[in-house]
Amino acid sequence: MRAIILAAGLGLRLQQPAGEQFPKCLLQFEGVTLLERHLQMLESAGVTEVVLALGFQPELVESELKRIGWPHEVEVVMNPRFDLGSVLTVHRTAHALTRGGDVLLMDADVLYDERVFAPLVAGEAPANRLLIDRDFEAGDEPVKLCLREGVPVELRKQLAVGLQYDTIGESVGFFRLNEATAHRFAQIVAGYVESDRANMPHEEALRDLLLERGSEFETADVTGAPWIEIDFPNDVMRAAQEVLPQLAPVVSRVKQTAA
């Protein structure tokens, strides 16, 4: 199993001061960056093959990788057009999607608990799996995951009028794809790029995948487990005040080495 971490974006909605903008995966909570938390969570699950998709200020992220001193090689993939949609970032990782085995596709801007991550990697491979949190705030920002009899029927922020479903929640930005499904996802993403839709969010391509192969996916309910996707300044405050106190302490690998 390998993990593809999407960390190419600008993070404009954080409203960082001019000249002080940096990739969101470098946000620190108790002195540990989101990137280091991702890597420690992956290592604890035995996932040591990691592909990191970068775009905006990649030198800062690569410097953080060196600082962390993770004992496994991290493959860095660059998207020089990071100002476009995240579909293009995923397209840059096509080789990682299609070289065999299960793939974890992960947004980098999420602070989360092991209780969120564990259901994603549990069980025998191969598996297609996605996560749902039924306790979410209504509004236009959350990406809604709708199920009908356990099968995904929608993955979007805006739901069509008259959509039939029996379960709704927020999609955690993590997906597990088996080898065949990862190949198909790479094809769908390539179709977006070839049809001049590279400016689209990758969730649109995932939506197409789910509508085509939804019956092949398992949905793990992580309602009640602490996590937050960080897009806005208020999310940073909520992450520090509400989510972080519920997480198991993470010790920086650098601090461990120094000790």
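Ala122 touches Arg129 and Arg176, leaving aside residues up to four places away in sequence. This is a predicted model. Ala122 sits in the loop between α5 (114-121) and β8 (129-133). Ala122 is partly exposed, with a relative accessible area of 37%. That value lies between the cut-offs, as buried means under 20% and exposed means over 50%. Ala45 is 77 residues away in sequence, yet 8.9 Å away in space, C-alpha to C-alpha.

The peptide bond from Ala125 to Pro126 is cis, and its omega is near 0 degrees. Most peptide bonds are trans.

Two further spots concern backbone phi. Most residues other than glycine have a negative phi. Gln57 is not a glycine, but its phi is positive, at about 45 degrees. Gln57 is placed in the loop between β4 and α2. Gln57 is partly exposed, because its relative accessible area is 24% and the buried class stops under 20%. Glu149 is the other case. Glu149 has a phi near 55 degrees, again positive in a residue other than glycine. Its loop runs between β9 (144-148) and β10 (151-156). Glu149 is exposed, with a relative accessible area of 73%.

Now move to strand β4, which spans residues 49-54. Five of its six residues are buried, so the strand is largely enclosed by the rest of the structure. What joins β4 to strand β1 (residues 2-7)? Six bridges do, and the two strands run parallel. Within this pairing, Ile5 has Leu52 of β4 as its bridge partner. Strand β5 (residues 74-78) is also joined to β4, here by five bridges, and these two run parallel too. Leu54 stands opposite Met78 in β5. The chain passes from β4 through helix α2 (residues 58-68) to β5, and this β-α-β crossover is right-handed.

Ser171 lies in β11, which covers residues 167-177. Is Ser171 buried or exposed? Ser171 is buried, because its relative accessible area is 7% and buried means under 20%. Which residues does Ser171 touch, not counting those up to four places away in sequence? The contacts are Leu131, Val143, Leu145, Leu155 and Trp227. Leu131 falls within β8 (129-133). Leu145 falls within β9 (144-148), and Leu155 within β10 (151-156).

The last stop is the second largest pocket. It holds about 210 Å³ of space. Its lining includes Arg37, Gln40 and Met41. Val110, Leu111, Tyr112, Asp113 and Glu114 line the pocket as well. Leu247, Ala248, Pro249 and Val250 complete the lining. The elements that give two or more residues to this lining are α1 (34-44) and β7 (110-112). How many of the lining residues are nonpolar, polar and charged? Eight are nonpolar, one is polar and three are charged. Among the charged ones are Arg37, Asp113 and Glu114. Gln40 counts as polar.

Note on methods:
Residues are numbered from 1 along each chain as its sequence is written. This is a predicted model: local features need pLDDT of at least 70, side-chain atom pairs count only at pLDDT 80 or more; totals for chains, interfaces and linings use all residues. Side-chain values use heavy atoms; hydrogens and water are left out. Helices (H or I, at least four residues) and strands (E, at least two) are DSSP runs, numbered from the N terminus. Buried means under 20% relative accessible area, exposed over 50%, partly exposed in between (1.4 Å probe, protein chains only). Contact means heavy atoms within 4.5 Å. On a 1 Å grid over the protein atoms alone, a cavity is a set of points where a 1.4 Å probe fits but cannot get out, and a pocket is an open set with protein on both sides within 12 Å along at least five of seven lines; lining residues have an atom within 4 Å of a point. Grid points are joined across faces, edges and corners, and a volume is the space filled by probe spheres set on the points. Two strands pair if DSSP finds at least two bridges between them. A crossover is right-handed if, with the strands pointing away from the viewer, the path from the first strand over the helix to the second runs clockwise.
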